[in-house]
Amino acid sequence: MKKEDETGASRLLNRPSPEGYLEQWGEVLSQAKEAEQQDLSSVLIFRLKNEWFGISTKKCKEITESRTIHTVPNRTDNIFLGIVNIRGELQLCTSLHSLLGIEDKEDFEKTLNTRVYKRMALLDVKENIFVFPVDEVFGVHYYSDQEVTETPSNLDKSKYILGIVPYREIHIAILNADAIYQDLEIHFS
Amino acid sequence: MSNPEDQTLLELFCEEVKTHVQTLNEGLLSLESTPENGSTIESLMRAAHSIKGAARVVNIESVVEIAHLMEDCFETAKRKEIKLTGESIDSLFKSIDYLSLFTSLENIKNPPTEELSELKNILTKILSKDFSPQKNKEVPSSEKKNIPSLKDPLPEKKSQEKKAISTVRVSSGSLNKLMGLAAESLVETKRLTPFSESLVTLKKDYQKQDEKLARAQEAVAALPKSSRALSLIGEIRNRSEVALLNLSSKIDHLEAFIRHANMLSDQMYREVIASRMRPFSEGIQGFPRMVRDLSKQLGKKIDFEIIGENTPVDRDILEKLEAPLNHILRNAIDHGIEKPKERLQKGKPEKGIIKITASHRAGMLLLEINDDGKGINLKKLRDAIVEKKLTSKELSENLSENELLEFLLLPGFSTHKEVTEISGRGVGLDVVQTKLQEIGGFVRIKTKENEGTTFHLQLPLTRSVIRSMVAEINKEPYAFPLSRVGRTLKMKTEDIITIEGSPFIKYQESNIGLVSAANALEIEKSSQPQTDTLSVILLGDKSKPYGLVVDNLLGEYDLVIRPLDSRLGKVPNINAAALLENGKPVLIIDIDDLIQSINTLLEGGRLGKAVHSKKAKGIKLKRRKTILVVDDSITVRETEKKLLKNKGYEVDTAVDGMDAWNAISMGNYDLIITDIDMPRMNGFELVYKIRSDSRFEATPIIIVSYKDRKEDRIKGLNTGANYYLTKTSFQDESFLEAVEELIGKGFSL
């Protein structure tokens, strides 16, 4: 260990900081942090067919591998797919594809990941869970309100979409989790 | 006493008092019946002493005083200075009741004061021997039996400690979560085995590679100037051998680990499930005392026996059992067992016997509550039924014994003339019926005049685990509870006989109609390759068996029942869901519901294509008016059907609200006539359901019920029924008049 202390690298890293450096950074860090936290929202980015969507990470807390869906006679339809086992609990599995009216679109070939896995996402509003299959999950993205552009009004299911956020070469439609949840609840009542 | 620490302390105190009060009650009861048993008195002393100690800690003076006096009583009795009998035991029971007030936090905060001084006086009197007229009468015999208890007070204490440890309170929600997790861990560990098998395959591949290398080594050795290549190959072989050995030992480790993990998760799973079971005795702790007090109050002499105390029962069910059992027992004491004099006149022993027997039979919990009292007078019952206008005199003559007894389970039905405090005011046994139906059980009454009455209660053992036959229907698994499955068969397609277009098989001399499971469940079937064997599940009773054809039988499984998400509502033909060993969901079939669906399907009625043609416009005008009659009594159903058919209406029937709702959703009815009290879904619920569905808003509904009270009438009409009639209306024309007013005459061609 002694030997290493004398190497050039450690000398460089352990050198005293220039005058005023700590103060300056201290100020920067203490300010910027607060401002940023207020503005940024985090969404989980996923793909349904050929469209990318984002849903607030506050409402979508979990992504799991795809699991077997068991249809329910007299109940299963295009929105309600069946029941699915998520960590030992049976949850309702619904089709966001159908709700958003994109079930007939082509599956996308342009992808953000190197390998594509089908997943299931859990929409969790007020302790009530709906599961929905997604064709691909990319990850979590942070965006500020300034980045959001308005939803084109010609969009079919615009009531479910809060706005569009550009990300790399794609556009992410930010979903209104509460509106989706409400309509799913209505579907079951 | 307001800070949180005191609060928890008080809660603990409540729990402790609860335990000791139970011991006191049990002890005092057994002391009353066998006064010579010295060990009983010891346990009584200890319990009183413990309460005293605990009360001192939380500073509740009144409890300290009473417990202290009680302890003194027991101690003096043990020394044979006083004898505890009759009235003094009553007073001690009263003192226990006083103590049991302190099992709730509310009472602790506002302790009742009135009885305190009175109780203290009485207990002091007992102590001063004024109270024991029969004092010292039987001293010699009791002294003798007292000796063993003095010798070994230890075992008694041990068992008591055990009792205290044996219960912990866990919220049922967390228990359910635990069960889910235990099941999931079982599934996850099972996935390790295929993984380790894949490693073995990998090892074999390596071995093959090594063999190839060995051959390469030989081939190279034959070449000239090969020494360098040979030594390289030798090195590779050495290395791969080391790697192979390493791999083998890792696989061994993994296998040992898998065995262990499998065993553990299996044990955990069983244990979690078992934790839901409690001995039957836990649900009936209050009964011996209740029977004693009541019989005393009524001047009757009754021996109360419990057989099968240790029968395990699911805690959910145990909880729900208390109310119906209580009701039946009170009935037996009040109406069943005769007064001692009357019994002697009849040549029966003076003391009556009430016996509760609990046992498991064929996957069900069986309870029998039997008394040797006067039984039920069927003639009087028949008269009462007619008097209450529940049926006509002629009809009542034809009712069988069982049918007559079923009237006892109707709401508001009581044959007892005078209202007594003991078994309620006109509240009949319908409470028993409703409570049992809530937990999937049913009740039957057997009676013989002057010999007694027996209530047979049949219940599911648990609401959490069910042994089922799992079958594949349309490539998805469905579970059939074994308790309701006759048996399963593999049949050759050539064994199917077709009679009038309906497929049958012959099995044990009877023709069994075949129904496709997918059809009965209304699943759209994807095309299935034709096979020459059929998998058949036999359902239904002997008089009407059905063969349900499934794609495939997967075998028997113990399934942990999960209720279906409430957002789905009641799903036709489905009861609940569960998880298979591979973690996949499976739906559990509601057999009763399914049999009903099959019935309707086979009657060529309302399912499938028929529905579409009925819905088509234009046809409605030409067809006859169709009425759905809903009643759980076959007599009423058939009476109504006959009356209506005579007037030219088409009539379908349903046995309860659920059945009716299934039919209504499928069919097209001009009028619905329903009873109120029915299993599974009652009339009010049915009417409400119909009215809240936009398709049936306008369908007229008539309620026909035994209930003739104003409240029921108003409730029925408020829920949305057009008419509320009583069952007496069959005799006059009012029933048919109402029907005609609502939908016109039957023949509308």
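Modeller: What follows takes the interface first, then chain A, and then selected sites in chain B. The model is predicted, and every value below is computed from it.

The size of an interface is often given as the accessible area lost when the parts come together. Between chain A and chain B that buried area is about 2,100 Å², and carbon and sulfur atoms give 57% of it. Three residues stand out on the side of chain A: H70(A), P73(A) and L90(A) supply 28% of the area that chain A buries against chain B, more than any other three residues. In terms of contacts, 24 residues of chain A touch 28 residues of chain B.

The polar part of the interface can be listed briefly. Seven residue pairs are in polar contact across the interface of chain A and chain B, counting pairs with both residues at pLDDT 80 or more. The rule finds one salt bridge across this interface. In a salt bridge between the chains, the side chain of E185(A) meets that of R567(B), with an N to O distance of 3.3 Å. Several elements of chain A give two or more residues to the side that touches chain B: the strands β4 (69-70), β5 (80-86), β6 (89-94) and β8 (128-134), together with the helix α5 (177-188). Of these, β5(A) gives the most, with four residues.

Chain A as a whole provides the setting for this surface. Its secondary structure comes to five helices and eleven strands. Of its 189 residues, 41% count as buried. Among contacts in chain A with a separation of 6 or more, 59% join residues 24 or more positions apart. The accessible surface of chain A comes to about 11,500 Å², and 49% of that belongs to carbon and sulfur atoms. Chain A also carries a nonpolar surface patch of about 520 Å², made by Y21(A), L22(A), W25(A), V28(A) and L29(A). One of these residues, V28(A), lies in helix α3 (residues 21-39) of chain A. V28(A) counts as partly exposed because its relative accessibility is 40%.

Turning to chain B, salt bridges deserve attention. Over all chains, the count by this rule comes to 30 salt bridges. In one of them D90(B) pairs with R292(B), and the closest N and O atoms are 2.4 Å apart. This pair links distant parts of the chain, for D90(B) is in helix α4 (residues 86-100) and R292(B) is in helix α12 (residues 287-297), 202 residues apart. D90(B) has a relative accessible area of 25% and is therefore partly exposed, whereas R292(B), at 10% relative accessibility, counts as buried.

A further salt bridge joins the side chains of R289(B) and D97(B), at 2.9 Å from N to O. Here too distant parts of the chain are linked: R289(B) belongs to helix α12 of chain B and D97(B) to helix α4 of chain B, 192 residues apart. R289(B) is buried at 9% relative accessibility, while D97(B) is partly exposed at 36%.

Backbone geometry marks two other sites in chain B. Most residues other than glycine have a negative phi. K225(B), however, has a positive phi near 50° and is placed in the loop between α10 (192-221) and α11 (227-274) of chain B. K225(B) is exposed, with a relative accessible area of 86%. K475(B) has a positive phi near 65° and sits in the loop between β8 (465-473) and β9 (476-481) of chain B. K475(B) counts as exposed at 57% relative accessibility.

D712(B) is found in helix α26 (residues 710-719) of chain B. D712(B) counts as buried because its relative accessibility is 5%. Leaving aside neighbours within four places in sequence, D712(B) is in contact with F684(B), K707(B) and Y724(B).

Conventions. Residues numbered from 1 in each chain as written. Chains lettered and ligands numbered in written order. Predicted model: local features only at pLDDT ≥ 70, side-chain atom pairs only at ≥ 80, totals over all residues. Heavy atoms only, no water. Buried < 20%, exposed > 50% of the residue type's maximum accessible area, 1.4 Å probe, protein only. Contact = heavy atoms within 4.5 Å. Patch = residues over 30% accessible without salt bridge, like charges linked within 9 Å, V, L, I, M, F, W, Y side chains within 5 Å. Areas by Shrake-Rupley, 256 points an atom, 1.4 Å probe, with all protein chains shown as cover. Salt bridge = Lys/Arg side-chain N within 4 Å of Asp/Glu carboxyl O. Buried area = accessible area lost by both parts, 1.4 Å probe. Polar contact = N/O pair within 3.5 Å; in protein donor to acceptor, adjacent residues only side chain to side chain.
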